[in-house]
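Here is a briefing on one protein model with its ligand. Please keep the sequence and the 3D view open as you read.

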Amino acid sequence: YWDQWWEGGKDKNDWIGPPADGSGNTMGVPINNMGTCDNGWVSPANENRVITSPNRPWWERYQPISYHLNTRSGSDEEFKDMVHRCNQQGVRIYVDVVINHMCGAGGSGHGTGGSYFNTDSLEFSGVPFGANDFNDCGTCGTSDCNIHNYGDANQVRNCRLVALLDLKLSSDYVRGKIADYMNYLISIGVAGFRVDAAKHMWPGDLAAVFGRLSDLNTAYFPSGSRPFIFMEVIDLGGEAISSSEYTHLGRVTEFKYGMQLGYVFRKQNGQKLAHLGNFGEGWGMQPDNNALVFVDNHDNQRGHGAGGQSILTFRDSRLYKMANAFMLAFPYGFVRMMSSFYWDQWWEGGKDKNDWIGPPADGSGNTMGVPINNMGTCDNGWMCEHRWRQNRNMVTFRNVAAGHGMYNWWDNGNNQIAFSRGDRGFIAINNEDWSALDATLQTGLSAGDYCDIISGDLSNGGCTGKTITVGGDGRAHIHIAGDDEDPIIAIHVGSKV
Ligand code: AAO
């Protein structure tokens with residue numbers, strides 16, 4: 001922002017540079033309480049198959065029909081407009097690219113954008129792709145062309161994942177079509193990609209596609225900026241393919257993270273918070289600089305993908321906020337937070353029979369808008385976990401603490417922990433069922449009164465929640481009751497009252 005100064009039809013302030021410190025260096029971008037400067041991972045943006053049985057499931061978005069931007073979320077024009085408006089607010093968009101396959105085998109028809117396809121002749125006229133552009137059963141080696149054995153890397157990469165028609169990424173033509181699609185997204189201003197089912201593609205093929213990608217759009221990014229890429233590779237160990245085969249290409253999802261954090265906060269498998277001091281690499285996960293970490297994702301919050309029953313979601317809201325707070329406070333990995341819609345579960349035989357239900361939609365199956373209420377959270381079935389005060393304030397904490405290590409670890413040997421991030425922030429979590437956390441702890445912070453960003457917000461210089469007083473020696477008295485609604489206290493240099 002800059003103040004305009006109009007004289008004679010001209011803004012005499014048109015030269016003003018970005019926010020800078022006294023030495024003229026550009027200042028960082030602080031995230032405010034409304035969470036307005038943030039980034040978002042969006043659903044697959046390209047045309048997909050219209051699935052009517054079950055009726056318009058969320059997962060139809062993972063069955064590409066063409067690379068036209070035309071889905072039940074909107075048209076090409078609407079997508080471009082969203083990316084532009086988000087970029088203007090400093091919100092970066094990362095698109096989920098489904099490039100391992102097209103739709104599932106069986107049938108023919110028209111996609112959400114009207115493009116014709118036929119899964120028997122392997123014709124996808126909107127690209128176009130034809131029979132030569134798919135891996136055949138010979139290359140795959142199983143009788144029905146589907147993946148049956150995750151212990152066989154060739155099967156995982158050359159056969160069909162749940163019967164989805166497997167693209168031949170060794171082909172120059174196929175690579176070109178995919179790169180064109182991704183470059184189109186780059187040209188309209190997206191900042192990067194989540195690469196779906198990366199485990200099902202050969203790292204060499206992905207390297208060839210990524211090597212063709214353009215630099216980001218200079219209307220929004222400094223010249224020479226490269227797309228940020230994170231790949232979905234499920235590696236819980238014990239299979240033929242490991243995440244380390246992909247780390248030279250970008251960030252890789254770390255599925256052990258959410259599964260283990262679920263065990264810790266649920267106190268299963270003999271786990272407790274006191275064990276978290278070396279969470280991450282110390283637990284057999286990827287190196288800090290390679291890992292993309294998350295508590296849950298769109299698959300495992302509903303029993304798809306990997307992680308199983310331990311995964312915490314918005315349905316376990318108290319534990320979920322605790323796990324997110326830990327993730328955002330703890331210096332490991334590149335973090336991602338889930339943002340969901342609600343659906344009614346229907347449990348039968350240990351499975352949710354409603355796990356397919358799609359987002360809030362109108363009568364024609366088009367996804368409805370997300371209304372924001374006066375609490376700053378969402379209505380009409382959108383959960384918007386990223387807007388919950390506890391979660392969004394912890395995003396600020398993470399940004400404020402970036403680049404500072406973990407210090408002053410404290411635990412009670414069981415389910416109470418605390419630590420600081422250098423002299424930038426301090427967090428304490430009490431996951432005991434009944435006993436209070438009541439201790440005087442080293443916060444690493446300078447003396448003063450700080451607003452606890454879990455129980456409230458810093459607003460007009462005052463705190464709407466608990467105030468924590470740090471003494472001249474950096475210590476503060478911390479009290480968190482066992483039955484506190486959110487048994488967490490978090491303060492940072494930006495929350496000083
Ligand atoms: C739908 C129907 C299918 C139908 C298909 C085609 O449900 O019945 O055959 O259409 O007509 C999503 C949905 C699918 C849906 C698909 C297309 O989840 O149900 O199929 O859209 O509409 C594997 C992949 C991983 C994938 C995950 C779901 O490796 O890439 O399955 N995730 C992505 C997306 C996801 C999407 C797709 C890919 C497809 O995030 O939303 O599918 O574009 C093991 C393997 C994992 C494997 C899982 C599940 O995991 O390691 O690689 O994930 O199995 O098959 C323990 C183990 C762990 C194991 C896990 C689950 O935790 O330790 O290793 O159990 O068994």
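Arg194 is buried, at a relative accessible area of 1%; buried means under 20%, exposed over 50% and partly exposed in between, with a 1.4 Å probe and protein chains only. Asp96 is buried too, at 0%. The side chains of these residues, Arg194 and Asp96, meet in a salt bridge, 2.9 Å from N to O. The model is predicted: local features need pLDDT of at least 70, side-chain atom pairs count only at pLDDT 80 or more, and totals for chains, interfaces and linings use all residues. Residues are numbered from 1 along each chain as its sequence is written, and side-chain values use heavy atoms, with hydrogens and water left out.

**Salt bridges**

- A salt bridge is a side-chain nitrogen of Lys or Arg within 4 Å of a carboxyl oxygen of Asp or Glu. By this rule there are 23 salt bridges.
- Arg194 and Asp96 belong to a network of salt bridges that also links Asp196 and Glu232.
- Lys321 and Asp486 form a salt bridge, with their closest N and O atoms 2.8 Å apart. This pair links distant parts of the chain, 165 residues apart. Lys321 is in helix H7 (residues 317-329). Asp486 is in the loop between strand E25 (475-480) and strand E26 (488-492).
- Lys321 counts as buried at 10% relative accessibility. Asp486 counts as buried at 7%.
- Glu7 forms a salt bridge with Lys12, and the closest N and O atoms are 3.2 Å apart. Glu7 is partly exposed, with a relative accessible area of 41%. Lys12 is partly exposed at 37%.

**Ligand site**

- The ligand is surrounded by 25 residues; a residue counts as near if one of its heavy atoms lies within 4 Å. The closest are Trp59, Lys199, His200, Glu239 and Asp299.
- By class, the shell holds eleven nonpolar, eight polar and six charged residues. Ala, Val, Leu, Ile, Met, Phe, Trp, Tyr, Cys and Pro count as nonpolar, Asp, Glu, Lys and Arg as charged, and the others, Gly among them, as polar.
- A polar side-chain atom of Asp299 lies 2.4 Å from an oxygen atom of the ligand.
- An N or O atom in the side chain of Glu232 is 2.7 Å from a ligand oxygen atom. Glu232 is also part of the salt-bridge network with Asp96, Arg194 and Asp196.
- A polar backbone atom of Trp59 is 2.7 Å from an oxygen atom of the ligand.
- Taken alone, the ligand exposes 1,100 Å², and the protein buries 72% of that. Accessible areas come from the Shrake-Rupley method with a 1.4 Å probe; for residues, only the protein chains shown count as cover.

**Sheets**

- Strands (E, at least two residues) and helices (H or I, at least four) are DSSP runs, numbered from the N terminus. Two strands pair if DSSP finds at least two bridges between them.
- Seven strands form an open, parallel sheet in the order E3-E4-E10-E11-E12-E13-E14. Strand E3 (40-42) and strand E14 (334-335) stand at its edges, each with a single partner strand, so one side of each has no neighbour in the sheet.
- Strand E12 (residues 251-253) and strand E13 (residues 291-293) run parallel and are joined by two bridges. Val252 stands opposite Ala291 in E13.
- An open sheet of three strands has the order E6-E7-E8, with antiparallel pairing. Its edge strands are E6 (108-110) and E8 (123-124).
- Strand E7 (residues 116-118) pairs with E8 over two bridges. Asn118 has Glu123 in E8 as its bridge partner.

Methods: A polar contact is a pair of N or O atoms within 3.5 Å; within protein, one must be able to donate a hydrogen and the other to accept it, and residues adjacent in sequence count only if both atoms are side-chain atoms.
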